[in-house]
Amino acid sequence: MAGRGVPDEYLDGYADLLAAAAATGRRLTRDELDSRRALGERAAEAGYGLRVLVGAHLAAARANWPSTASESSLAAVEQAVDAFAEGYERAQLLAVRQEEAARREFIDDLLYGRSDLGLLAERAERFGLRLSHVHAVAVARGESGYDEGDAVPREVERALIGRFGDRSILVTTKDGRLVCVAPGDQDDVLAYFAKRAHAATEGGQVAVGRPRPGPGGVVHSYEEALNALDLAERLELDAPVLYAADLLVYPVLTRDRQAMADLVLSALGPLRRARGGAKPLLDTLTAYFDSGCVAAEAARRLSLSVRALTYRLDRIHRLTGANPADPVHRYMLQTAVIGARLLDWPAKEL
């Protein structure tokens with residue numbers, strides 16, 4: 001064994017190089033430097049630390065220092081160690097890139113469910129996940145997209161690790177969004193992710209899918225979170241954190257698109273006869289229902305007087321035959337308003 005527990009094979013030919021440099025005063029040849037780089041790569045792949053390897057080279061130089069040593073001998077040591085370190089770093093860089101590629105491939109397979117679930121579960125353990133357990137997924141979006149190595153994902157990941165340590169948490173990015181996969185029984189992890197992601201993305205919105213069991217459960221929870229963000233955009237929901245479990249009524253309402261379109265046209269179609277079209281009155285109904293049918297609050301949201309709001313509600317009643325203030329009519333109108341927002345009516349013809 002060479003110095004510091006490094007096998008002699010990683011210093012093969014080193015003493016001869018020093019002796020040749022001392023005898024002739026020459027610099028190392030290209031082949032000799034290539035041999036040092038190759039040994040550096042092998043040492044990195046074997047798992048030895050660079051500090052230990054450099055120390056072994058210096059110890060070997062001292063032990064084999066030629067009696068005719070000159071400045072050329074020091075230059076040879078410098079060249080040899082530099083070439084060895086270059087090969088070592090090249091091997092490490094390749095290993096990092098391979099690890100990143102493997103992680104990216106795993107994340108794609110995990111969130112899209114494209115791999116054999118058994119093999120996916122085996123690969124997941126390498127990244128700290130046990131897919132036999134229940135998991136939930138949170139997704140955050142900001143004004144701009146994010147990649148894996150960007151400052152924002154790193155900031156959020158550091159905060160989670162600093163707070164919870166190793167709790168089988170995976171923080172990554174997908175399609176420009178931040179993604180957190182966490183055990184489904186640890187609501188505090190996803191709540192903290194939502195808080196940190198909202199701040200790091202400067203007010204971005206976060207959606208949390210429901211806990212789901214097994215490898216396929218991650219995909220389902222991820223898709224629920226994405227659908228929640230899509231619903232929030234279409235319905236103009238501005239809550240910083242959305243929970244898919246709280247939005248289940250909307251997929252139910254849109255499951256039969258034709259039935260919903262018929263309801264929208266039947267209940268709200270007459271609003272198109274109003275001066276200015278249907279949209280101002282549709283916005284009035286939206287504000288009225290979003291404010292809990294409190295006229296003063298709805299008027300404030302629309303920057304109207306209460307009298308002007310009341311006039312609009314009366315106009316809606318006359319055009320549609322349905323009174324927004326009447327509990328009997330309210331559910332039908334509110335459902336139609338939700339349908340109109342989901343179907344982007346009246347901007348799009350149904």
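Biologist: Is the crossing of α11 and α14 left-handed or right-handed?
Modeller: The α11 and α14 crossing is left-handed. That term says the near helix is turned anticlockwise from the far one by less than a right angle, with clockwise giving right-handed. Before we go on: this is a predicted model, where local features need pLDDT of at least 70 and side-chain atom pairs count only at pLDDT 80 or more, while totals for chains, interfaces and linings use all residues. Residues are numbered from 1 along each chain as its sequence is written, and side-chain values use heavy atoms, leaving out hydrogens and water.

Biologist: OK. At roughly what angle do the axes of α11 and helix α14 cross?
Modeller: Roughly 115°, with the axes coming within 10 Å. Axes here are lines fitted to C-alpha atoms, for helices over the stretch in contact, and angles run from 0 to 180 degrees between N-to-C directions. Helix α14 covers residues 327-343. Helices are DSSP runs of H or I with at least four residues, strands are runs of E with at least two, and both are numbered from the N terminus.

Biologist: Which residues of α11 and α14 make the contact?
Modeller: On the α11 side, L282, L285, T286, F289 and D290. They face R330, L333, Q334, V337, A340 and R341 of α14. Contact means heavy atoms within 4.5 Å. Sorted by type, the α11 and α14 contact residues are 6 nonpolar, 2 polar and 3 charged. Nonpolar covers Ala, Val, Leu, Ile, Met, Phe, Trp, Tyr, Cys and Pro, charged covers Asp, Glu, Lys and Arg, and the others, Gly among them, are polar.

Biologist: And α11 with α13, at roughly what angle do they cross?
Modeller: Helix α11 (residues 279-290) and helix α13 (residues 306-320) cross at roughly 110°, their axes coming within 10 Å. That makes α11 roughly perpendicular to α13. The cut-offs are under 35 degrees for roughly parallel, over 145 for roughly antiparallel, 65 to 115 for roughly perpendicular, and oblique for the rest. The crossing of α11 and α13 is left-handed.

Biologist: Which residues in α11 and α13 meet?
Modeller: From α11 it's P280, L281, T284, L285 and Y288. From α13 it's L309, R312, L313, R315, I316 and L319. The residues of that α11 and α13 contact come out as 8 nonpolar, 1 polar and 2 charged.

Biologist: Switching topic: how many salt bridges does the count come to?
Modeller: The count is 16 salt bridges, each being a side-chain nitrogen of Lys or Arg within 4 Å of a carboxyl oxygen of Asp or Glu. One of them pairs E9 with R42, at 2.8 Å from N to O. E9 sits in the segment before α1 (14-24) and R42 in helix α2 (residues 30-46), 33 residues apart, so the pair links distant parts of the chain.

Biologist: Does E9 count as buried, partly exposed or exposed?
Modeller: E9 counts as partly exposed at 39% relative accessibility. Buried means under 20% relative accessible area, exposed means over 50%, and partly exposed is in between, using a 1.4 Å probe and protein chains only. R42 is partly exposed as well, at 39%.

Biologist: What does R212 form a salt bridge with?
Modeller: With E224, their closest N and O atoms being 2.6 Å apart. R212 lies in strand β5 (residues 212-213) and E224 in helix α8 (residues 215-235), so the bridge ties together parts 12 residues apart in sequence. R212 is partly exposed at 25%, whereas E224 counts as buried at 13%.

Biologist: What about R234, how far apart are the closest N and O atoms in its salt bridge with D230?
Modeller: They're 3.0 Å apart. R234 and D230 are 4 residues apart in helix α8, which means about one helical turn separates them. R234 is partly exposed at 37%, and D230 is partly exposed at 34%. Elsewhere, salt bridges that share partners join D34, R37 and E86 into one network.

Biologist: Where is T201 found?
Modeller: In the loop between α7 (187-200) and β4 (205-208). T201 is buried, at 4%. Leaving aside residues up to four places away in sequence, T201 touches R141, G142, Y146, V152 and L178.
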